[in-house]
Amino acid sequence: MRDQNELVGEFKAGSISRRDFAKRAMALGISAPVITSIVLASPAMAAPRALPAPAARTRAQEAGGTLVFGAWQTPDTMDPQKTGLAATGRILANVFDPLVWRFPGDEKFYPGLADSWDISADGLTYTFKLRQDVTFHNGEVFNAAAVKATFDREADPANRTLETLPLGFDRAEVIDDFTVAIVFKTPYAPFLILLAANSWVTLPPQYAKDNPEGMSLTPPGTGPFIVSEYVAGSNVVLDRNPNYNWAPSYFGRQGPALLERIDWRIIEESGTRASTLENGEAQLIEEIVPAQFETLSANPDLQVILQDAIGCPRTVHLNCTKAPTDDKLVRQAMSYAIDKRIITDVIFKKTVEPAYGPLEKLTPGYNPDVESLYAFSPDKANELLDQAGWVRDGNTRSKDGQELKALFIVIAKDNFDEPAQVIQSQLSDVGIALELTTEAEPTVFNTYNRGDQNLANIFWWGADPESLYSLYHSSQIAQGFNWAHYTNPEVDRLLEEGYIESDDAARMELYKQAQTLIMEDAPCIPIWGKRATMAGAKSITGIVFNPRVYPLHYNTSLG
Amino acid sequence: MTEYLIRRVVLAVPVLLGVSIAVFLMMHLIPGDPALAMLRGQPTVTPADIDRIRHQLGLDDPLPVQYLKYMGRVVQGDFGESVKAHRPVLTMIGEQAWPTIQLALAAMAMAIVLGVVLGTISALRQNTWVDTASMVVALFGVSMPSFWLGLILIYVFSVRLEWLPITGQDGWKRLILPAVALGLDFSAVTARLVRSSLLEVLRQDYILAARAKGLRGRTVVTRHALRNAMIAVVTIIGLQFGFLLSGAVVVETVFARQGIGRLAITAILAKDFPLVQGIVLVSAVVYVAINLLVDLSYSFLDPRIHYR
């Protein structure tokens, strides 16, 4: 306990960085939400939240009770292989266990349903030794055959799954009852990290085959909570799994979850969600909006929980093939011209922090060097624009009789309208006329891929730095998510090698280089980091987040 | 009568066909590809994945083929499967129907009772302060958007007074606030309508005759005047049904209730074509049926009306 207090003291005094603090605190056994809360309560973060006493995650917690949780979105289907929706993922993270676990800000893998694993020297075969004491909620035994059946189900187009197979996947092989090998045609180094982010969770083979309706409503997993009831459009009832005894060591204890039941209510309207917290109908809600932030954090009975996400931050993609953003100098000038603090502090009331690179800070392989790039400087922006030949004469710059105009097509209802207006006004300060239009999903994706825009807004949920491939590899132009239409053969090479390199440290080095190169070319302006936001009764403790920042309620207690 | 019924049912067929074509085109002519939106955030998306999802959604057939395939199944009673939930469309609509019917009936009952009472009082006390006050209340009701009203009701009755719960659909207590939020607008319309048609009816000769033969004032109003004035109100009920459905979208969202409205909006936003088409077709059938019932009820209210 003394070590912890010292550590917190050091951090608050500013003598160690946030990253170092998080790492060391994790080593001392402080739980992730507590670390988050300390970090957020630090003056540097200026988040309006009181500092709770640091507590080890082994602290005796009150067991039992029902947590009523106000969720912001309606799940589409509960079948893990047929959904891509966060609304469903957040429920399923408590119902299905991964083979291996990982947690944000911690670079270690923790054994899950696999006791141990081995990767062949060529990176093509992953052999998992499975736990032998695990059963699904419906009584089926978890074994190698179940893992194989899960991948087979996804590989068969007749099952019409949505989840993508791991790139280069060849087959799953049963070695013995509790040993399974996943074999690839080409190496796919992100495999373990993505497994830990609840991709390709193991399904009960017989049930998945016989009962597709059940899979889409109340799928049996192996996790600490059982989906006992799903009332479509209303709520999902999760009951504690009494047999659960295979929690990862990260949680510091074994046995069933603390909560008896979670009533997962779908409350889409944000005002209603906050009201249910205020009148006590719910004890925890998610996705609080900045407008409610002050009221909720000022309420002495409530706490606000913020957790940084992994993947690619909220970013503006600059189209590298359409004038005037085809000129690197113009893109760099734009990067200097935008003061992200106005967006994070004024529009989002400090509920988010500025982002500096193509990856979120907690993403494995994040390169902190990007943080010193493109510090807000209108002077520097003006200098670069002068250098590019855009002459300022009046409000808008021009060159050869052409005005310096750019088009920002903003995705409608994507929380980017106000930030776009700030960007517009800041670019106009340096003589760039930015036209704003909005277009709805999914039409806007086609528009972006056609390249009608100069500026596009994008973000990505991902647990591994391979997310960069989707956003910055040249093969993703016109038919994927490289809306910057960005090509750099060196970046392409690094991102391709990132799939092959089997040494973890060397692999992360590739992504670090890629981040530097991307920022130098400036096809993107990272604006702010995504966060999971929740508010709940002050007495609630023990919420832990998985790499997709889905809350895990194994240790959650009503206090 | 039977002949009239058959004719009306046959006439409904082109209406429903038109609706089906309209909604099919609307959903499919919106440019843009739901496949890409669905795949966002999946590990390493390849062009092959995009093609795979497009094929799953049936988007790789030409439009007329998609439509004919769809209608071919619909006439056999198969509305297909939701592309998101992977469950039969009719089952999903069935699950959500009852909460919406409850809400609509409660809203309508409240609206009619409140509307008829306010409207009658206004008509009988025409141009007095009672009349003015009732009509101001009615104007207020018509002008308030239901989502705003809903949030205000939640704030007053659930957060401040803590009288009524906010979310869910079990029990009458959870029905009150949504029904008021949904029905207030309709009650205001009804009140104004009852007032004007009652004023007209009260000037008719047969009312004078009723009074002349010495009937009590209350009997004249309820048995003779109001009954005839109700024809206009009943007509409005049929037409208002569509508005109630669209209002349900908002009210069900604000109060986190189950229902067709929320199912529809979720399906539209997710571009779940089969589900949207199913909801629109079923709603159209119900709409046509209710208006037929309304027409038939005229002869009950006014025995002089006959259908041939």
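The legends below describe several close-up views of a predicted model of a complex.

Residues are numbered from 1 along each chain as its sequence is written, while chains are lettered from A and ligands numbered from 1 in the order in which they are written. Because the model is predicted, local features need pLDDT of at least 70 and side-chain atom pairs count only at pLDDT 80 or more, whereas totals for chains, interfaces and linings use all residues.

**View 1. Confidence in the complex and in chain B.** The predictor gives the complex an ipTM of 0.84 together with a pTM of 0.85. Among the elements of chain B, the highest mean pLDDT, 90, belongs to helix H5 (residues 89-124), and the lowest, 81, to helix H10 (residues 217-254). Helices (H or I, at least four residues) and strands (E, at least two) are DSSP runs, numbered from the N terminus.

**View 2. The side of chain A that touches chain B.** Here 48 residues of chain A are in contact with 49 residues of chain B, two residues being in contact if their C-beta atoms, placed from the backbone, lie within 7 Å. Among the elements that give two or more residues to this side of chain A are helix H8 (212-217), strand S10 (261-266) and helix H9 (270-278). H9(A) gives the most, with five residues. By class, this side of chain A has 16 nonpolar, 19 polar and 13 charged residues, where Ala, Val, Leu, Ile, Met, Phe, Trp, Tyr, Cys and Pro count as nonpolar, Asp, Glu, Lys and Arg as charged, and the others, Gly among them, as polar.

View 3. The strands follow the order S4-S5-S7-S6 with antiparallel pairing, and two strands pair if DSSP finds at least two bridges between them. Strands S4 (114-119) and S6 (169-176) of chain A stand at the edges with a single partner strand each, so one side of each is left without a neighbour in the sheet. Neighbouring strands are turned by 20° against each other on average, direction ignored. Helix H5 (residues 144-155) of chain A packs on the sheet, where it touches S5, S6 and S7 of chain A, and its direction makes about 165° with that of S6(A). Axes are lines fitted to C-alpha atoms, for helices over the stretch in contact, and angles run from 0 to 180 degrees between N-to-C directions. Within the sheet, S5 (residues 125-130) and S7 (residues 179-184) of chain A pair in the antiparallel sense over five bridges, and A:Thr125 stands opposite A:Val183 in S7(A).

**View 4. Helices H17 and H18 of chain A.** The axes of H17 (residues 489-500) and H18 (residues 504-521) of chain A come within 9 Å and cross at roughly 155°. That makes H17(A) roughly antiparallel to H18(A), a term used for angles over 145 degrees. Residues of H17(A) including A:Val491 and A:Leu494 meet residues of H18(A) including A:Leu510 and A:Leu517. The residues of this contact divide into eight nonpolar, two polar and three charged.

**View 5. Helices H11 and H13 of chain A.** The axes of H11 (residues 328-337) and H13 (residues 378-387) of chain A come within 7 Å and cross at roughly 165°; the two helices are therefore roughly antiparallel to each other. Among the residues that make the contact are A:Ala333 and A:Tyr336 of H11(A) and A:Ala381 and A:Leu384 of H13(A).

Conventions
pLDDT = per-residue confidence, 0-100. Parallel < 35°, antiparallel > 145°, perpendicular 65-115°, else oblique.
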